[in-house]
Amino acid sequence: MKDKITGAKALMRALKAEGVKTIFGYPGGSIMPTYDALFDYTRGEKKCFDHILVRHEQGATHAAEGYARVSGEVGVVLVTSGPGVTNTLTGIADAMMDSTPIVVIAGQVPTSALGTDFFQEVDLVGVSQPISKWSYQIRHAADVAWAVSRAFYIARTGRPGPVVLDFTKNAQTEVIEWEQSKCNFIRSYVPYPTLDNDAVRQAADLINHAKRPLALVGQGVELGNAQEELKEFLEKADIPAGRTMLGLSALPSNHPLNVGMLGMHGNYAVNLKEQECDVLIAIGMRFSDRVTGSLKTYAKQAKIIHLDIDHSEIDKNVKTDVAVVANCKESLPALTALIDKANHEDWRSSFYELDEKERQKVIEPAIHPTNGPLLMGEVVNAVANQADDDAILVTDVGQNQLFATRYFKFHHQRSICTSGGLGTMGYGMPAAIGATFGAPHRQVCCFMGDGGFQMNIQELGTIMEQKAPVKMILLNNHYLGNVRQWQDMFWMRRKSFTKMMNPCYEAIAQGYGIPYHVVTDRKDLETAISKMLTTEGPFILECAIKEDDDVLPMTPPGMSVEQMKLEI
Amino acid sequence: MKNEDYIKGAKLYTLLVYSENVAGLLNQITAVFTRRQVNIESLNVSASSIEGVHKYTITAWSTEDQIKIITHQIEKKIDVVKANYFTDDQLFIREAGLYKLSTEKVLSNPEISRTVRRYDATITEVNPTYTIVMKSGQTDSIIELFRALDAFDCVLQYTRSGRIAVTRGTQEQVSEFLEERESRSKK
């Protein structure tokens, strides 16, 4: 016999059926029936979920993103209507840009009140459609099982992304006969395009004739869980590979074919070599403007091969010669089978001289300075040296992010959480909370500037309550550093509103009961980091950073990648 | 960017989009154009020959590179079944024009009726105050008839429909795609 339950309870069963373990949320009026149902599912015999009460709904979405990024599972957010859900929009847009699978479930006013400007009513489907993969309003309890399974299927398959469910209050309270639903097919949605063998042959042919091949590795490799397939491909044809910021842990930092990070503040050699290679193989990356610099001059000499699961990325920014539209888990082995074993040592060794130049001019002074105030680069490097091999790097946005991604080391897949596409300040702290739940046995190191730290500072409350073991490294230079750098470089040093007066972070840490230490002197850095990493639970390590340190190298905006500057 | 800037080398393209019948999809489709600053010239939405599938016929001035990206981004929407773009030579195209004329002027000037016949238009309703003329055909001829009638100073109202079009090719891409998808789901 089918049992009769409310829509709210149906949601609990549907979430359980999707394998949900952790929910990041914040209750409110329109979602109360669901929170009431959740109560039973978070304690006692029936317990299936951990509910993490955040301090602001934006925090819930970033936490869900961090959770999803490190675990490969779908992150789940539960919030109320109106302001509750408008607060999640930044996180939804962020997840859309960075292909992160999250499902945001929001309360909505009763169906009968829709369109009446009811208390806490907002047209959620309308406002979320342009920034989500799918957005749907549940108006009947009978729709719950269908909508939830469809939401999770859409969020996690193909190119992942955020899905929004707008759950009307009457659908939460309505009683229905429970019937489970499992979505694994939508006729209008092709998550995994069929591999075109002709395209693979053409790509293999280009690679087999290449003298100076260069691979660009993106997050698609991690999303397709194709790290091993990538290595086999690169190793067989001896192809050097640069990684995008989101693809940093798709290939271990110490892999001999890794030639560093791409992009505006990436590594020098690989940026210049993009303009010298004869075949460019882009794998699961989208040729973001932060990677390509000026498109007018980008890699014009090269034949371009683009492997991507998303057809709409092909020819969007860079015109390709051969497009292989498929999951790279499938396309990479197919390509590896057809390429010849090759040796490109001469080509690869042509990177070394440029690497050495960068090392001397930029890296050494950044990570091993001998005098003056602390630098971000040296703090990141020192943390990377002491952190576990499988530590997860979480960053906020700005200079902290650029230094952290440049100098952290990755040995393990799914080890980076950063807001790449949207560039969301305030992402770091909540994403790190999510990461501790997504990978509870791994170390989570979160680098933040004093700007981003304060943008979601309220999540210290969540860290306190959950004892979430986030190792927070606060790189405090009393400036919105990245904007300050641009003002110095391109706006005649007019520092318009980038200097910041900061609170006493020690007092704040104390208020939240979080262990805190400040480093002002270089000689104390190692011990302080060791203290942070060996202290159980969360820790705030504040580092007093040089005020006007610049991230280098840099390709100035709008310029060609080969115009990358090692010094200002 | 002004409209004219990207119109250099632009052509009139027609997109045929097939979608599931779900609320809110029109917004999603038009948003793809808006975001890339391409104006929609005309838009028609109706049921298609396939049950439960809606057909959008959209025209826009664009370059091929641009319209290709727009088409792919529309097709990427979960509930869009298929989207393709065409040039006029690949389609059989019709539009309709409705002209509300002053009956008094039509009666006083026989040249007006002759013009209506010359353009292959039909008079569908006449009453003492107004006369309704309808014409189906290509955009240009519908506009031409308007100009001709307007010269007689007899037009009270005029409207032109969005374009509707069927492909000239022999393949029925959407039905074939859906059959292929359905057979896959059964495997």
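This is a predicted model: local features need pLDDT of at least 70, side-chain atom pairs count only at pLDDT 80 or more; totals for chains, interfaces and linings use all residues.
Figure 1. Chain A contains 24 helices and 20 strands. Its radius of gyration is 24 Å, close to the 24 Å given by the globule rule for 568 residues, so chain A is as compact as a globular protein of that length. Taken along the principal axes, the box filled by the C-alpha atoms of chain A is roughly 70 × 60 × 45 Å. Of the 568 residues in this chain, 57% count as buried. When contacts in chain A between residues at least 6 apart in sequence are considered, 78% join residues at least 24 apart.

**Figure 2. Packing of helix 3 against helix 5 in chain A.** Helix 3 spans residues 57–71 and helix 5 spans residues 89–97; their axes lie 7 Å apart and form an angle of about 25°. Helix 3 of chain A is therefore roughly parallel to helix 5 of chain A, the limit for this description being an angle under 35 degrees. From helix 3, the contact involves A:Gln58, A:Thr61, A:His62 and A:Glu65. These residues meet A:Thr90, A:Gly91, A:Ile92, A:Asp94 and A:Ala95 of helix 5. By class, the residues of this helix contact comprise 2 nonpolar, 5 polar and 2 charged.

**Figure 3. The six-stranded open sheet of chain A.** The 6 strands follow the order 3-2-4-5-7-6, and their pairing is parallel. Strand 3 (50–53) and strand 6 (134–138) stand at the edges of the sheet. Each of these edge strands has a single partner strand, so one side of each is left without a neighbour in the sheet. On average, neighbouring strands of this sheet are turned by 20° against each other, direction ignored.

**Figure 4. Pairing at the strand 6 edge of the chain A sheet.** Strand 6 of chain A pairs with strand 7 (residues 162–168) of chain A in the parallel sense, over 5 bridges. Within this part of the sheet, A:Tyr136 stands opposite A:Leu165 of strand 7.

**Figure 5. Backbone features at A:Arg493 and A:Pro553.** A:Arg493 lies in the loop between helix 22 (481–490) and helix 23 (505–512) of chain A. The phi angle of A:Arg493 is near 60°, a positive value in a residue other than glycine. A:Arg493 has 9 other C-beta atoms within 10 Å and is exposed, the cut-off for that class being 12 or fewer. The peptide bond leading from A:Leu552 to A:Pro553 is cis, and its omega is near -5°.

**Figure 6. The contact between chain A and chain B.** Chain A contributes 15 residues to the contact, and chain B contributes 18 residues. The side of chain A that touches chain B consists of 7 nonpolar, 4 polar and 4 charged residues.

**Figure 7. Strand 4 of chain B and its pairing with strand 1.** Strand 1 (residues 11–20) of chain B runs antiparallel to strand 4 of chain B, and 6 bridges join the two. In this pairing, B:Val17 has B:Ala83 of strand 4 as its bridge partner.

**Figure 8. Strand 5 of chain B and its antiparallel partners.** Strand 5 of chain B comprises residues 91–102 and pairs with strand 9 (residues 164–167) of chain B in the antiparallel sense over 4 bridges. B:Phe92 has B:Val166 in strand 9 as its bridge partner. Strand 5 of chain B also pairs with strand 7 (residues 130–137) of chain B, over 8 bridges and again in the antiparallel sense. In that pairing, B:Tyr99 stands opposite B:Val133 of strand 7. A further 5 bridges join strand 5 of chain B to strand 8 of chain B, and these two strands run antiparallel. Here B:Gly97 stands opposite B:Arg160 of strand 8.

**Figure 9. The loop of chain B that holds B:Asp153.** This loop lies between helix 6 (139–151) and strand 8 (155–160) of chain B. B:Asp153 has a positive phi of about 60° although it is not a glycine. With 9 C-beta neighbours inside 10 Å, B:Asp153 counts as exposed.

Technical notes: Residues are numbered from 1 along each chain as its sequence is written. Chains are lettered from A and ligands numbered from 1 in the order in which they are written. The radius of gyration is taken over C-alpha atoms; the globule rule is 2.2 Å times the number of residues to the power 0.38. A residue is buried if 20 or more other C-beta atoms lie within 10 Å of its own, exposed if 12 or fewer, and partly exposed in between; C-beta atoms are placed from the backbone. Two residues are in contact if their C-beta atoms, placed from the backbone, lie within 7 Å. Axes are lines fitted to C-alpha atoms, for helices over the stretch in contact, and angles run from 0 to 180 degrees between N-to-C directions. Angles under 35 degrees count as roughly parallel, over 145 as roughly antiparallel, 65 to 115 as roughly perpendicular and the rest as oblique. Ala, Val, Leu, Ile, Met, Phe, Trp, Tyr, Cys and Pro count as nonpolar, Asp, Glu, Lys and Arg as charged, and the others, Gly among them, as polar. Two strands pair if DSSP finds at least two bridges between them.
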